[in-house]
Amino acid sequence: MKVKIIDHQDLSAAEKQINEFLKKVEVKELVDIKFGTRFKNDAEGHTFVILYEENMASGVEDPQIYE
């Protein structure tokens with residue numbers, strides 16, 4: 001399992017960035033998305049934590065096999 005963090009002030013820009021990330025070949029399956037909003041000095045910010053299963057390329061061994 002992998003984690004991707006996206007931090008942005010504009011929700012529509014963050015949405016576009018998340019959608020582009022989820023289209024990538026490295027994302028096998030979306031597990032969960034966590035969302036947080038913060039306010040500092042009258043500025044709003046949003047943080048997204050994306051949990052996903054990595055798409056292993058053929059011929060590449062899964063490093064978790066040996067753990």
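Visitor: What makes histidine 46 count as buried?

Guide: This is a predicted model, and its relative accessibility for histidine 46 is 2%. The word buried applies under 20%, so histidine 46 counts as buried.

Visitor: Where is histidine 46 found, and which residues does histidine 46 touch?

Guide: Histidine 46 is found in strand β3. Leaving aside residues up to four places away in sequence, histidine 46 touches Ile6, Asp7, His8, Gln9, Leu11, Phe35, Gly36, Thr37 and Arg38.

Visitor: Why is the pairing of the side chains of histidine 46 and threonine 37 called a polar contact?

Guide: The distance given for these two side chains is 3.2 Å. A polar contact requires N or O atoms within 3.5 Å, and the contact at 3.2 Å is therefore counted as one.

Visitor: How do you know that β2 and β3 pair?

Guide: Pairing requires at least two bridges. Strand β3, residues 43-54, is joined to β2 by 12 bridges, so the two strands pair, and they run antiparallel. Valine 27 stands opposite glutamate 54 in β3.

Visitor: What makes β1 and β2 edge strands?

Guide: The open sheet has 3 strands in the order β1-β3-β2, with antiparallel pairing. Strands β1 (2-8) and β2 (27-40) are the edge strands, as each pairs on one side only. From one strand to the next, the twist averages 15°. Helix α1, residues 11-22, lies across β1, β2 and β3 and runs at about 10° to β3.

Visitor: Why is the meeting of aspartate 7 and arginine 38 called a salt bridge?

Guide: Their side chains meet at 3.0 Å, N to O. The limit is 4 Å, so the pair counts as a salt bridge. Aspartate 7 belongs to strand β1 and arginine 38 to strand β2, so this pair ties together parts that are 31 residues apart in sequence.

Visitor: How many salt bridges are counted by this rule?

Guide: The count comes to 4. Among them is glutamate 20 with lysine 23, whose closest N and O atoms are 3.4 Å apart. Another is formed by the side chains of lysine 34 and aspartate 32, at 3.0 Å, N to O.

Key: Residues numbered from 1 in each chain as written. Predicted model: local features only at pLDDT ≥ 70, side-chain atom pairs only at ≥ 80, totals over all residues. Heavy atoms only, no water. Helix = DSSP H or I, 4+ residues; strand = E, 2+ residues; numbered from the N terminus. Axes fitted to C-alpha atoms, helices over the stretch in contact; angles between N-to-C directions. Contact = heavy atoms within 4.5 Å. Buried < 20%, exposed > 50% of the residue type's maximum accessible area, 1.4 Å probe, protein only. Polar contact = N/O pair within 3.5 Å; in protein donor to acceptor, adjacent residues only side chain to side chain.
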